[in-house]
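Please examine the sequence and the model shown below. The explanation that follows leads through the structure step by step.

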Amino acid sequence: MARALRWYGANPLHLLVLLCSFALTAYACVRLFAVRPVEVAIWLVGAAFLHDLILLPLYSLADLSALSVLRHRQDTVPRAPWINHLRVPAFLSGLLLLVWFPLVLGISRPYPDATALTLDVYLPRWLIITAVLFGVSAVAFALKLRRLRKAARAGEDGG
């Protein structure tokens, strides 16, 4: 057992959650393929192409651009890993947009009848959520920088 865990390289709870997610995915695929096999197959292939051929190059380019633009900083300030404070809110905002884009962009017709909301509310709400995500990330990064500056000052005073 120890050898298998060492080979897997992660916590046994991680393996259990991974197996449960695969089981849930298999269950959903079986149920969906039983109802609409052609549409589900088209959706899966389309999602793979959309991600691999369009989205992956786009967000890789955006990440590299952010790294190259924001990497030039003065050495007088303490350095902290900042890129994830940009990646995480951008990812969550993009994921929300990807899931809800027909409503956010106002191109969906059947949903207003089902939700009793007009299409005018989704874009402002998505923008507010995006602003809050980036704001919380900026505050977390500022707190991290403050902690690093205090530690650097304490190191200079004690050293």
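The residues lining the largest pocket divide into 14 nonpolar, two polar and two charged; here Ala, Val, Leu, Ile, Met, Phe, Trp, Tyr, Cys and Pro count as nonpolar, Asp, Glu, Lys and Arg as charged, and the others, Gly among them, as polar. Among the 18 lining residues, Leu 55, Tyr 59, Ala 90, Phe 91 and Gly 94 lie nearest the centre of the pocket. Helix H3 (37-70) and helix H4 (84-104) are the elements that give two or more residues to this lining, and H4 gives the most, with nine.

The model is predicted: local features need pLDDT of at least 70 and side-chain atom pairs count only at pLDDT 80 or more, while totals for chains, interfaces and linings use all residues. Residues are numbered from 1 along each chain as its sequence is written, and side-chain values use heavy atoms, with hydrogens and water left out.

The secondary structure of the protein chain comes to six helices and zero strands, where helices (H or I, at least four residues) and strands (E, at least two) are DSSP runs numbered from the N terminus. Helix H2 (residues 12-35) has 24 residues and should span 34 Å at 1.5 Å a residue, which agrees with the 35 Å between its end C-alpha atoms; the expected span is 1.5 Å times one less than the number of residues.

The chain averages a pLDDT (the predictor's confidence in each residue, from 0 to 100) of 84. Confidence is highest in H2, at a mean of 90, and lowest in helix H5 (residues 110-115), at 66. Where pLDDT is low, the predicted coordinates should not be read in detail.

Terms used
On a 1 Å grid over the protein atoms alone, a cavity is a set of points where a 1.4 Å probe fits but cannot get out, and a pocket is an open set with protein on both sides within 12 Å along at least five of seven lines; lining residues have an atom within 4 Å of a point.
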